[in-house]
Amino acid sequence: MTIVKSGIDYSHISWCGGRRMTQLTGPLADLSPSRRAALLARLRAGEPGPDSDIPRTDPSQVEAPLTAAQRSLWFVEQLNPGTPTYNLPQYLRLRGPLDVEALRRALGRVVERHEALRSLLLERDSGPIQLILPRVLVDVVVHDVAGRAVDDVLVEADRVYGRSPLPLDRPPLWRAGLYRIAPDEHVFVFVVHHAIFDGLSFAVFDRDLAAFYAEERGGAPARLSSLPARYSDYARWQVGRLSDERLRALKDFWRNELGDAETADLPTDRPRPAKPTGAGAVAAGRVPAEVCAAVRELSRQRRTTVFVVCLAAFWVLLHRRTGARDVIVGSSTAGRNHAAVANSIGYFVNVVALRGRFADRLTFAELVDRATRCITDTLAHGDLGFEEVVRAVVPERGSGRSPLFQVSFAVGGGQAGPPLAGLEVEPLMMHHGTARFDMAWGLTFGAHADVGVEYSTELFDREHIEGLIEQYGEILAELAGSPQAPVSDDAT
């Protein structure tokens with residue numbers, strides 16, 4: 001277990017789009033309104049009714065189907081039940097005069113507002129469903145740890161909360177605790193199962209918790225706008241849109257997109273074990289501010305996003321390291337293209353495989369354009385859950401391998417935590433010594449870019465990963481500043 005002090009949010013490099021990650025759809029915010037509208041128009045061309053209203057259903061309907069994202073996670077969970085693999089933790093150091101009862105009441109109001117926090121997943125004869133409860137017990141357990149070091153408290157909090165499984169059929173699918181170090185210093189813990197929560201849900205959770213906390217302390221009313229649709233409304237709407245014809249079209253697209261792709265193996269320091277243990281570690285690096293400025297300028301010139309330019313450069317890294325003319329990288333879509341769910345808590349993300357194709361004399365500008373088309377096509381066909389994509393493509397399943405891809409990539413912003421009135425809030429990060437992929441890359445993009453890579457220690461040495469991070473920065477510097485340069489490296 002590693003306590004992270006570097007300021008890099010390693011939580012965003014996990015499987016299904018961890019906290020604060022923009023990934024594919026979030027970078028649309030980087031665009032001007034006209035450019036964003038143009039890109040979305042390209043996405044929506046030919047897609048049947050993506051912007052139709054999500055009908056509100058009778059609140060007495062307490063059962064709903066699983067979304068495509070939930071079905072994929074349910075499938076994975078059944079293969080390895082009773083583990084904390086899909087726990088999403090938030091650890092916050094709070095300095096100042098905390099009103100514990102106000103915090104508890106505020107959390108209760110967040111749970112009341114968002115039905116996903118009152119739901120569970122059950123197996124029926126017809127398959128899994130989500131069940132929404134009218135209320136759940138809301139408590140914040142207080143632990144007195146007076147005088148202990150914050151690092152020690154964080155380790156204990158992670159053991160008690162972060163590593164304890166959250167069974168999908170037992171409510172609530174979250175837990176909260178508070179460690180009192182001193183009268184004016186606490187560590188707040190909120191851990192929730194990924195089946196009802198995603199990375200962007202943390203932004204919603206933090207905003208709503210802060211608003212309710214301020215009101216409960218006697219401040220101004222929260223004044224949060226009403227939610228146009230419940231998560232169960234969204235689930236019914238999504239399932240209703242997937243007609244047999246639409247499902248066939250989606251499966252055909254992904255078969256054509258990925259069916260003939262071959263896995264490009266990165267050179268490893270050790271042979272791949274037949275039965276991986278999942279042991280992992282993290283390595284970090286930084287891309288300088290002047291390179292990030294060149295990335296932003298190129299994204300402006302090519303009428304695309306920062307994510308696309310960074311993805312194209314990452315494809316180049318894999319291409320040069322393997323010599324392959326075909327590389328696949330995993331990422332995830334935010335799944336919140338409909339305005340009715342923009343401010344909702346729930347599990348909307350979907351894992352996708354992004355295929356980069358290389359040709360002779362291909363320039364970086366051309367590869368960026370290819371990456372833009374790849375993203376728009378992926379978003380336009382993102383209704384099919386990852387599990388269904390895997391089944392449709394039927395990839396060759398090698399021993400110890402994830403389906404379709406072994407390397408994931410994400411780009412996002414930093415994490416601030418909820419702005420709780422009267423308190424100084426500091427997010428605390430940890431890494432648990434595991435890895436779900438060969439490598440999972442996350443870029444926290446600001447004035448400069450912090451790079452965090454979670455990697456399998458069964459395959460790679462730290463020096464190897466640090467070398468890859470350095471080479472990636474060199475590729476960004478080389479090609480973002482000279483986009484007409486060829487991407488192939490004669491040394492490969």
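This briefing covers the nonpolar cores and the salt bridges of the structure above. The model is a predicted one. Its largest nonpolar core holds 60 residues, and a search of the whole structure finds 34 salt bridges.

**Nonpolar cores**

- Leaving aside residues up to four places away in sequence, Phe188 is in contact with Gln90, Tyr91, Leu92, Leu94, Leu103, Val140, Ala176, Gly177, Leu178 and Leu209.
- Another core, of 58 residues, lies apart from the largest one; its members include Val368, Phe409, Trp441 and Ala485.

- Arg355 and Asp326 form a salt bridge through their side chains, at 2.5 Å from N to O.
- Because Arg355 belongs to strand β11 (residues 350-357) and Asp326 to strand β10 (residues 326-333), the pair ties together parts that are 29 residues apart in sequence.
- Arg355 is buried at a relative accessible area of 6%, and Asp326 also counts as buried, at 17%.

**Salt-bridge network around Asp233**

- Salt bridges with shared partners link Arg56, Glu115, Arg230, Asp233 and Arg236 in one network.
- Asp233 pairs with Arg230, with 3.8 Å between the closest N and O atoms, and both residues are buried.
- Asp233 also pairs with Arg236, where the closest N and O atoms are 3.7 Å apart.
- About one helical turn separates Asp233 from Arg236, because they are three residues apart in helix α6 (residues 231-241).
- The relative accessible area is 1% for Asp233, which is buried, and 17% for Arg236, likewise buried.

Notes:
Residues numbered from 1 in each chain as written. Predicted model: local features only at pLDDT ≥ 70, side-chain atom pairs only at ≥ 80, totals over all residues. Heavy atoms only, no water. Core = buried A, V, L, I, M, F, W, Y, C linked by side-chain atoms within 4.5 Å. Buried < 20%, exposed > 50% of the residue type's maximum accessible area, 1.4 Å probe, protein only. Contact = heavy atoms within 4.5 Å. Salt bridge = Lys/Arg side-chain N within 4 Å of Asp/Glu carboxyl O. Helix = DSSP H or I, 4+ residues; strand = E, 2+ residues; numbered from the N terminus.
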